[in-house]
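User: Can you walk me through this model? I'd like the overall picture, then the pocket and a few residues.

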Amino acid sequence: MRMALSDFALRKKGIYGILHVIILLLSLFLVISISIDTFKGIPFYTQSLYMEVQFWICILFLFDFVLEFALSKNKGHYVATHFIFLLVAIPYQSIIAYMGWTFSPEVTYMIRFIPLVRGGYALAIVVGWLTYNKASSLFVSYLTMLLATVYFASLAFFVMEHKVNPLVHGYGDALWWAFMDVTTVGSNIIAVTVTGRVLSVLLAALGMMMFPIFTVYVTSLIQKKNKEKEEYYEQMEGSATQGKTTVRQAEAAK
């Protein structure tokens, strides 16, 4: 990292940088909360504190959307390209609780991940700021998003499968399944629920799309190194030729 995150955000990105850092931190809070509730089996929707915090986080996401919309030069293009962020910023859980609607615990659990889409976007942006060039920025951002997706999928898979799938004894089994599935190698754990099967397909598709990026990145690094070596050798040869020419000129002058 070339400089501190706060310094970079303040100098380079202004209010956008500050908002994205705040969104990232709040998203991390949601991730930690979801993880703790998952591992301990806590029914989060009975916790008034969590519901209130989640509501205000979504309000901040909405504020960020409105602010960027107001500051954008082409508002129509901004809405067209960022409409998904408006959808994921809506506090669905608070609306459901206020309206008194009831869903299955599994569906309610999955709804918790919706605001994290906004956090994932902020994460990709912040990580991209801290890399040295565009290729590294793209690679690190994709790698971070891939690992985050694998983790979230493993949490959801564990919740959906551990009670009905005899092969899922603990979260470690779900995490193993997620990593093996995203590499398209597959594991001995086979999903038995509809959600688990959908996650299996999505992770495999994600892996097929993401891993070629790693190959392209490594290839670009090798090509860059080879080009630097060629330029170095050319420079050395040029210096040697220039040196010989200088010696010959000196001898001729004598």
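User: Among contacts between residues at least 6 apart in sequence, what percentage join residues at least 24 apart?
Analyst: In this predicted model, 67% of those contacts join residues at least 24 apart in the protein chain.

User: How many helices and how many strands?
Analyst: The protein chain has nine helices and zero strands. From the N terminus, the order reads α-α-α-α-α-α-α-α-α.

User: And what share of the residues counts as buried?
Analyst: The figure is 37%, for a protein chain of 254 residues.

User: What's the lining like by class?
Analyst: It has 19 nonpolar residues and four polar ones, with no charged residues.

User: Switching to Thr38. Where does it lie?
Analyst: Thr38 is part of helix H1. Its relative accessible area is 8%, so Thr38 is buried.

User: Which backbone oxygen does the Thr38 side chain reach?
Analyst: That of Ile34, at 2.7 Å.

User: Which residues is Thr38 in contact with, leaving aside neighbours within four places in sequence?
Analyst: Thr38 is in contact with Tyr109, Leu155, Phe158 and Val159.

User: Now Ser200. Which helix is that in?
Analyst: Ser200 sits in helix H9, which spans residues 194-253.

User: Why does Ser200 count as buried?
Analyst: Its relative accessibility is 17%, so Ser200 counts as buried. The cut-off for buried is under 20%.

User: What lies 2.9 Å from a polar atom of the Ser200 side chain?
Analyst: The backbone oxygen of Gly196. Leaving aside neighbours within four places in sequence, Ser200 is in contact with Trp177, Asp181 and Ala191.

User: What about Tyr217, buried or exposed?
Analyst: Tyr217 is buried, at a relative accessible area of 16%. Tyr217 is also found in helix H9.

User: How many residues apart in sequence are Tyr217 and Phe139?
Analyst: They are 78 residues apart in sequence, and 6.8 Å apart in space from C-alpha to C-alpha.

User: On to H4. Which of its residues are buried?
Analyst: In helix H4, residues 92-99, the buried ones are Gln93, Ser94 and Ile96. They cover an arc of only 160 degrees around the axis, so they are on the same side of H4.

User: Which residue follows H4?
Analyst: Gly100 follows H4, with a positive phi near 80 degrees.

User: Which residue other than glycine has a positive phi near 65 degrees?
Analyst: Thr184 has that positive phi value. Thr184 lies in the loop between helix H8 (171-182) and H9.

User: Why does Thr184 count as partly exposed?
Analyst: Thr184 has 44% relative accessibility, so it counts as partly exposed. Buried would be under 20% and exposed over 50%.

Definitions and conventions: Residues numbered from 1 in each chain as written. Predicted model: local features only at pLDDT ≥ 70, side-chain atom pairs only at ≥ 80, totals over all residues. Heavy atoms only, no water. Helix = DSSP H or I, 4+ residues; strand = E, 2+ residues; numbered from the N terminus. Buried < 20%, exposed > 50% of the residue type's maximum accessible area, 1.4 Å probe, protein only. Polar contact = N/O pair within 3.5 Å; in protein donor to acceptor, adjacent residues only side chain to side chain. Contact = heavy atoms within 4.5 Å. Nonpolar A, V, L, I, M, F, W, Y, C, P; charged D, E, K, R; others polar. Arc of directions from axis to C-beta.
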